[in-house]
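This briefing is intended to accompany the sequence and the structure shown below. Please keep both in view while reading the points that follow.

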Amino acid sequence: MSGDLLFFIEISLAGLGSGALLALTALAFVLIYKATRVVNLAVSEVLMLGGYLFFAFAAGLGLSAWVALPLSILGGGLLGGIVERGVIRPMLGENPISVFMVTVGLGSILVGMAELIWGAEPKSLPAFISTTPLFLGEAYVSRKIAVAFVVAGVTISVFLALFRFWRGGVALRATATDQAAAYSCGINVPGVFSVAWIVGCATAAGAGVLLGAIGGISTTMGVFGLSALVVVIVGGLDSILGALIGGLALGLIQSWASTYLGGEYTSVVTFGLLIVAMMIRPYGLFGTHEIERL
Amino acid sequence: MIIGTAKESYRADEALLTTQPQRVWMAIFLAALVALPFALNDYWLYLACLVAINVTAATGLNILTGFTGLVSLGHAAFMAVGAYTVAWAETRLGTPFFINLIAGGLVAAAFGILVGLPSLRVKGLYLAIATIAASFILHFCFIHFDGITGGATGINVPPLSIFGIELATYFRLYWVIMPITAVMVLGAANLFRTRIGRAFIAIRDRDISAEVLGIPLLRYKLMSFSIASFYAGMAGGLWAYFFRVVTPESFPLLTSIFLLAAIIVGGMGAIIGGIAGAIFMTLAPELLRFGMEWISPLVPNAGALLSPVRTVVFGALIVGFLIFEPQGLAEIIQRIRRYFRLWPFRT
């Protein structure tokens with residue numbers, strides 16, 4: 001195999017790895033949006049908090065990584081539950097922009113809290129994924145990225161299966177389709193809201209741990225969430241499949257752009273893609289086209 | 001005490017100041033603005049100028065978001081366009097101050113029309129995200145078109161001078177910035193007495209109904225975008241003269257969020273909301289600084305805590321106002337006015 005092609009395959013694999021993380025984060029957006037019609041920008045900050053919680057449990061308390069990981073995911077879920085009950089529930093039914101701005105404010109609070117507790121300087125997480133490289137044929141893959149890819153892939157498949165077969169998943173789909181009808185079928189709609197927020201935020205926290213394991217944690221790592229937001233807009237705000245495909249595609253494109261054009265082109269390519277996608281299909285590639293009635 | 005409104009014409013009904021107390025209070029307020037620079041020290045004058053710049057930008061965003069219902073999270077990018085235009089014209093062309101400023105506003109308005117183009121196709125949150133995207137792309141352009149923008153180091157702006165008088169102190173700058181802000185706010189207040197302003201409000205309330213009523217949506221939405229960007233460009237131009245350096249990092253996404261937060265806290269869809277919100281949100285961090293200095297003997301390294309505490313308070317203000325006072329400070333001001341309307345007789 002020629003060197004150029006091998007190099008191309010390697011960066012594509014790395015792109016798929018980060019794309020899987022994007023898809024996982026996008027999943028958090030989609031879950032929350034599907035149930036409550038709220039675009040939760042604080043997902044980015046929950047992601048950051050997940051990384052910091054892992055840091056606190058693993059480095060601060062000296063717990064094993066396999067204890068710290070579920071604990072930080074639980075922490076993210078707990079935060080999601082509290083936020084949903086305390087802040088989002090009273091805001092439901094308000095203008096979507098107001099609710100969106102509430103989550104922006106929440107994000108700011110979380111960043112400030114993390115800075116207060118852990119300081120503003122970037123940290124690296126204690127290693128829990130071995131660093132020996134992995135070879136697929138001849139192509140080199142960082143093991144962390146491979147692990148992130150597998151974990152994200154498994155999680156998304158589990159979610160897809162849950163949506164299809166689990167009663168709670170069906171309840172969530174029913175709520176997303178028609179709230180009033182879901183109520184009259186005896187579905188506990190507020191319960192669905194809470195579950196969606198808890199699971200969504202827990203997913204984001206898990207993604208944060210993976211992301212922190214690859215690139216270290218800092219209070220500004222929430223910027224990653226903006227890329228994931230691009231993924232959900234391009235893929236469709238209410239489509240898990242869209243999050244998966246959009247995430248992988250954006251990961252690939254970002255990886256290619258930063259290798260062949262230069263790192264500074266990543267954001268302009270990402271957001272350029274967003275604008276083009278929006279002009280062609282405003283509701284996303286796999287999203288539901290909402291018809292507006294007066 | 002007001003016991004009735006005896007108006008005989010629409011003109012009287014639409015006037016900005018309808019009652020005697022309003023006129024008196026406005027006169028007092030204007031007199032206070034004139035007296036301010038003589039009473040304040042340099043630091044507070046610096047804040048007063050900053051407040052005035054933010055009031056201009058927030059009023060512009062209020063026209064777009066509060067009155068037309070188009071949410072923009074890229075307003076800082078328009079400020080940056082204005083600031084760069086002013087800086088470029090000042091250093092390369094050497095044209096007079098006022099022409100630069102207007103040019104800054106107009107160039108920003110042109111960019112606003114460009115960014116506003118998707119607004120017919122997408123709305124609400126999608127538009128907000130499209131404007132974020134546009135602001136990131138503009139940020140990229142500021143770094144990479146270094147022939148015009150000076151790249152990452154930006155452009156240094158010489159001190160503002162009018163008729164050969166150099167305005168380098170905050171005291172002198174105040175006399176330029178505050179009148180321009182006052183005129184801009186007056187313009188915004190008057191805009192909503194015209195057909196255009198009423199069309200904006202109709203679009204906010206229900207855009208499809210507005211179109212049925214004969215308001216061309218695309219034209220008016222773009223008009224709103226261009227007016228709002230013009231305000232942002234003027235504010236950015238003043239900003240360039242005030243801080244005397246423009247870099248790509250001068251107007252981050254956080255500034256856009258700050259401006260949106262200012263009109264949320266102040267009250268969307270009310271001119272006074274943009275003013276009150278910008279004043280409050282600019283001064284709140286300073287109040288926090290005093291608070292931190294005050295508790296510094298009790299808490300070790302209080303100075304280091306200032307920045308994160310500001311971030312937390314910034315978020316808490318947005319969340320708190322949206323949940324408990326969605327109409328913002330404008331509503332609180334209204335409540336106080338209502339209280340005093342029948343004042344000594346009923347409380």
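Predicted model: local features only at pLDDT ≥ 70, side-chain atom pairs only at ≥ 80, totals over all residues.

**Annotated spans of chain B**

- Residues 21-38 of chain B are 100% helix and 0% strand, with 26 Å between the end C-alpha atoms.

**Annotated spans of chain A**

- For chain A, the "transmembrane region" annotation in UniProt, again from an unreviewed entry, covers residues 6-31, 38-57, 63-83, 95-118, 145-166, 187-214, 226-253 and 265-284.
- Residues 6-31 of chain A are 100% helix and 0% strand, and their end C-alpha atoms lie 37 Å apart.
- Residues 63-83 of chain A are 90% helix and 0% strand, and here the end C-alpha atoms are separated by 27 Å.

**Overall form of chain A**

- Chain A contains 11 helices and two strands.
- Read from the N terminus, the order of these elements in chain A is α-α-α-α-β-β-α-α-α-α-α-α-α.
- The C-alpha trace of chain A spans about 60 × 50 × 35 Å along its principal axes.
- A compact globule of 294 residues would have a radius of gyration near 19 Å, and chain A, with 19 Å, agrees with that expectation.

**Helix 3 and helix 4 of chain A**

- The axes of helix 3 and helix 4 of chain A come within 10 Å and cross at roughly 150°.
- Because angles over 145 degrees count as roughly antiparallel, helix 3 of chain A is described as roughly antiparallel to helix 4 of chain A.
- The crossing of helix 3 of chain A past helix 4 of chain A is right-handed.
- On the side of helix 3 of chain A, the contact is formed by Val83(A), Val87(A), Ile88(A) and Met91(A), which meet Ser98(A), Val99(A), Val102(A) and Leu106(A) of helix 4 of chain A.
- Seven residues of this contact between helix 3 and helix 4 of chain A are nonpolar, one is polar and none is charged.

**Helix 10 and helix 11 of chain A**

- Helix 10 of chain A comprises residues 240-261, and its axis comes within 8 Å of that of helix 11 of chain A, crossing at roughly 140°.
- Helix 10 and helix 11 of chain A are therefore oblique to each other.
- Helix 10 of chain A also passes helix 11 of chain A in a right-handed crossing.
- Helix 10 of chain A contributes Leu250(A), Ile253(A), Gln254(A), Ala257(A), Ser258(A) and Leu261(A) to the contact, and helix 11 of chain A contributes Tyr265(A), Thr266(A), Val269(A), Thr270(A) and Leu273(A).
- The contact of helix 10 with helix 11 of chain A has seven nonpolar residues, four polar residues and no charged residues.

**Contact between chain A and chain B**

- The contact between the chains takes 35 residues from chain A and 32 residues from chain B.
- On the side of chain A that touches chain B, at least two residues each are supplied by helix 3 (65-91), helix 4 (96-118), helix 9 (223-235) and helix 11 (265-280) of chain A.
- Helix 4 of chain A provides the largest share of that side, with 17 residues.
- The side of chain A that touches chain B consists of 25 nonpolar, seven polar and three charged residues.

Terms used
Residues numbered from 1 in each chain as written. Chains lettered and ligands numbered in written order. Contact = placed C-beta atoms within 7 Å. Helix = DSSP H or I, 4+ residues; strand = E, 2+ residues; numbered from the N terminus. Nonpolar A, V, L, I, M, F, W, Y, C, P; charged D, E, K, R; others polar. Axes fitted to C-alpha atoms, helices over the stretch in contact; angles between N-to-C directions. Parallel < 35°, antiparallel > 145°, perpendicular 65-115°, else oblique. Left-handed = near helix turned anticlockwise from the far one by under 90°. Rg over C-alpha atoms; globule rule 2.2 N^0.38 Å. UniProt positions renumbered as here; feature names shortened; annotations may be inferred.
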